[in-house]
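Subject: Structure handover

Hi,

Here is the structure for you to look over. My notes follow below it.

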Amino acid sequence: MLKIALTKGRVEQKLIPLLQRCGIDCDPLINKQRKLIITLADQYHFILVKGDDVCTYLRKGTVDLGVVGSDVLAEQNADNQVDELLDLGTGRCQFIVAAKQDFNWQTPHRKVIGTKYPEVARRYFSSIGEDVEIIKIAGSVELAPLTGLADAIVDLTETGTTLRVNHLVVHDWLDVITSRLVANPVALKQKRNEIFKLVDQLQTVVEESEYENI
Ligand SMILES: Nc1ncnc2c1ncn2[C@@H]1O[C@H](COP(=O)(O)OP(=O)(O)OP(=O)(O)O)[C@@H](O)[C@H]1O
Ligand SMILES: O=P(O)(O)OC[C@H]1O[C@H](OP(=O)(O)OP(=O)(O)O)[C@H](O)[C@@H]1O
C-alpha cells in the first residue's frame, strides 16, 4: 500500500486522466465529495491536502509519495529533503514578475513585492542584486499593486487573464511550472519496487500524452 499526499484542486484534476490511462479506476476520487482519504485500486491511499502541506507530510514520513506543483517545491524544497521522481507535465503555468503599466522599475526607492512565494521572490531579486521588501500574501496577489500594498508581484500566470483584466503587465518571466511526483527518501528505500512500478506506469502515459500533443 502506498500513501500519497495529493494537492487538491487543479493538480488533482489534472492527475486523474493520467491515473485513468494507467488503468486505475478513479471513480472514488471523482465522486469523493468531502472525503479526504481515498483508496484507489486497493493499492493507493490518497490523502487530499493543500499544496503547501505536501512537503510537510513527506518530511514527517506520514506519506510515501506526493503530487505537487514545482512552484511549491521551488518555495519549500531548496534543501532537497524531498526527492523528485517524475515531471508529470500537467498543471503548466509560469512564475512572473508583474506590476502596473506605469510602475517605474528604475525608482531609487526600495521596492515592495507582494507574493505567495517569498523564497522565490527573494532568490529572484537577490540574483539581480536588488534588496527589496517582501510581503507574503495568501491569495488574490494581483490586488497588491492595485491597492498600493506593493509595487509589484511575483506570482503564477497561466492564461494571462487575471493579469490582463487587472491591468498588470509582465516585467519578467521566471520558471515554467508543472506538477511533480515526489517521494520521501526513506519510503524510496523501503518501498522501492512498489513506488517504481507506479513511476514507470505514469512515465509511460506522460510520454504518450506529450507525443499526442506534438
Ligand atoms: N493558473 C494557475 N494558477 C495557480 N496555480 C496553478 C495554475 N495552474 C496550475 N497551477 C498549479 O496548481 C497549484 C494550485 O492549485 P489550486 O489553485 O487548485 O489550489 P489553491 O488552493 O487555489 O492554491 P493554494 O494552495 O496556493 O491556496 C499550484 O501550486 C500550481 O502548481
Ligand atoms: O493566468 P491565469 O489563467 O488568469 O491564472 C493565474 C491566476 O490563478 C492563480 O490564482 P488562483 O485562481 O489560484 O486564486 P488565488 O489568487 O486565490 O490563489 C494565480 O495566483 C493567478 O492569480
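**The annotated domain**

The UniProt record, an unreviewed entry, places "domain: ATP phosphoribosyltransferase catalytic" at residues 51-203. Please keep in mind that this is a predicted model. Between the end C-alpha atoms of residues 51-203 there are 22 Å. The span is 33% helix and 31% strand.

**The chain overall**

The chain has 214 residues, and 46% of them count as buried. Its secondary structure comes to nine helices and eleven strands. Along the principal axes, the C-alpha atoms fill a box of roughly 60 × 35 × 35 Å. Take the contacts with a separation of 6 or more: 67% of them are between residues 24 or more positions apart.

**The five-stranded sheet**

One open sheet is built from five strands, in the order β8-β7-β9-β6-β10. Its pairing is mixed. β8 (133-136) and β10 (168-177) stand at the edges. Each has a single partner strand, so one side of each has no neighbour in the sheet. From one strand to the next, the twist averages 25 degrees.

Inside the sheet, β7 (residues 112-115) pairs with β9 (residues 152-157) in the parallel sense. Three bridges make up that pairing. Gly114 has Ile153 in β9 as its bridge partner.

Strand β6 (residues 93-100) includes Cys93. Is Cys93 buried or exposed? Its relative accessibility is 14%, and the cut-off for buried is under 20%. Cys93 therefore counts as buried. Leaving out residues up to four places away in sequence, Cys93 touches Leu156, Thr157, Glu158, Asp175, Val176 and Ile177. Asp71 is 22 residues from Cys93 in sequence. In space, the two are 9.2 Å apart, C-alpha to C-alpha.

**Helix α5**

Helix α5 covers residues 118-127, and Val120, Ala121, Tyr124 and Phe125 are buried in it. These residues cover an arc of only 120 degrees around the axis, which puts them on the same side of α5.

What covers the buried residues of α5? The cover includes α4 (70-76) and the strands β6, β7, β8, β9 and β10. After α5 comes Gly129, with a positive phi near 75 degrees.

Strand β11 (residues 179-183) is mostly covered, with five of its five residues buried. Ser179, Leu181 and Ala183 point one way from β11. Arg180 and Val182 point the other way.

β11 pairs with β4 (residues 65-69), antiparallel, over five bridges. Val67 is opposite Leu181 there. β11 also pairs with β5 (residues 83-87), again antiparallel, over four bridges. Which residue of β11 is the bridge partner of Leu86? That is Leu181.

**Helix α9**

Helix α9 (residues 192-212) has 21 residues. From first C-alpha to last, α9 reaches 30 Å, close to the 30 Å expected at 1.5 Å a residue. Its buried residues are Ile195, Leu198, Val199, Leu202, Val205, Val206 and Ser209. Viewed down the axis of α9, they fall within an arc of 140 degrees, so they line one face of the helix. Asn193 and Tyr211, on the other side of α9, are exposed.

- Gln33 has a positive phi, near 50 degrees. Gln33 sits in the loop between α2 (27-30) and β2 (37-40). With 73% relative accessibility, Gln33 counts as exposed.
- Ser140 has a positive phi, near 45 degrees. Ser140 sits in the loop between β8 and α6 (143-147). With a relative accessible area of 53%, Ser140 is exposed.

Best regards

Definitions and conventions: Residues are numbered from 1 along each chain as its sequence is written. Chains are lettered from A and ligands numbered from 1 in the order in which they are written. This is a predicted model: local features need pLDDT of at least 70, side-chain atom pairs count only at pLDDT 80 or more; totals for chains, interfaces and linings use all residues. Side-chain values use heavy atoms; hydrogens and water are left out. UniProt positions are given in the numbering used here, feature names are shortened, and annotations may be inferred rather than shown by experiment. Helices (H or I, at least four residues) and strands (E, at least two) are DSSP runs, numbered from the N terminus. Two strands pair if DSSP finds at least two bridges between them. Axes are lines fitted to C-alpha atoms, for helices over the stretch in contact, and angles run from 0 to 180 degrees between N-to-C directions. Buried means under 20% relative accessible area, exposed over 50%, partly exposed in between (1.4 Å probe, protein chains only). Contact means heavy atoms within 4.5 Å. The expected span of a helix is 1.5 Å times one less than its number of residues. The arc is that of the directions from the helix axis to the C-beta atoms.
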